Amino acid sequence: MDEFLRVGLLRKSIMLTVRTDESKILVREVLLSFWKVHILHHASEGPVVGQWMLNELREHGYDVSPGTLYPLLRRMEKYGWLRGVSDPKGGPRARKEYFLTKDGRRVYRRIKALVAEMHAEINPSQ
Ligand SMILES: [Zn+2]
């Protein structure tokens, strides 16, 4: 392999690695929070299910996998923000509907005010 090509490929693979690390950090440090805000918002309008939520987040342009979303929903359930209800006839793999709880609604109201405040600051002209 000629040196130019070799260096080019090496640089490309380093760039890809950097980009992958960057997305992982972005997901962990920022986007997981955004996704929780989306979930709280949609659950405030009615019960949400995992698959619908996945499609919704993907439509917003987020690259989110079931392996990330489902544990996130379970954590929100554990914190008492959501109440998961599965169809009793559906067996262990039954689809679960997540309802916003009273605590979830309170948390959502606080976050909503903070998001509005932040939005006004980072988009002063809008
Ligand atoms: Zn949304």
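Reader: What pattern does the chain follow, read along the sequence?
Author: A quick note before we start: this is a predicted model, where local features need pLDDT of at least 70, side-chain atom pairs count only at pLDDT 80 or more, and totals for chains, interfaces and linings use all residues. Residues are numbered from 1 along each chain as its sequence is written. Helices (H or I, at least four residues) and strands (E, at least two) are DSSP runs, numbered from the N terminus. The chain has four helices and three strands, and read along the sequence they give α-β-α-α-β-β-α.

Reader: In what order do the strands sit in the sheet?
Author: Two strands pair if DSSP finds at least two bridges between them. Strand 1 (48-49) and strand 2 (82-86) are the edge strands, each pairing on one side only. The sheet is open and its pairing antiparallel, with the three strands in the order 1-3-2.

Reader: Which residue in strand 3 is the bridge partner of Val 48?
Author: Strand 1 and strand 3 (residues 96-100) pair in the antiparallel sense, over two bridges. Across from Val 48, the bridge partner in strand 3 is Tyr 98.

Reader: Why does Val 49 count as partly exposed?
Author: Val 49 is found in strand 1. A residue is buried if 20 or more other C-beta atoms (placed from the backbone) lie within 10 Å of its own, exposed if 12 or fewer, and partly exposed in between. Val 49 counts as partly exposed because its C-beta neighbours inside 10 Å number 13.

Reader: Which residues is Val 49 in contact with, leaving aside its neighbours within four places in sequence?
Author: Being in contact takes two C-beta atoms, placed from the backbone, that lie within 7 Å. With those sequence neighbours left aside, the contacts of Val 49 are Arg 95, Lys 96 and Glu 97.

Reader: How far apart are the end C-alpha atoms of helix 3?
Author: The expected span of a helix is 1.5 Å times one less than its number of residues. Helix 3 has 13 residues, so it should span 18 Å; that agrees with the distance between its end C-alpha atoms, 18 Å.

Reader: How many of the 21 residues of helix 4 are buried?
Author: Helix 4 covers residues 102-122 and reaches 30 Å from its first C-alpha to its last. For the chain of 126 residues, the buried share is 12%. Helix 4 lies largely in the open, because the number of its residues that are buried is one.
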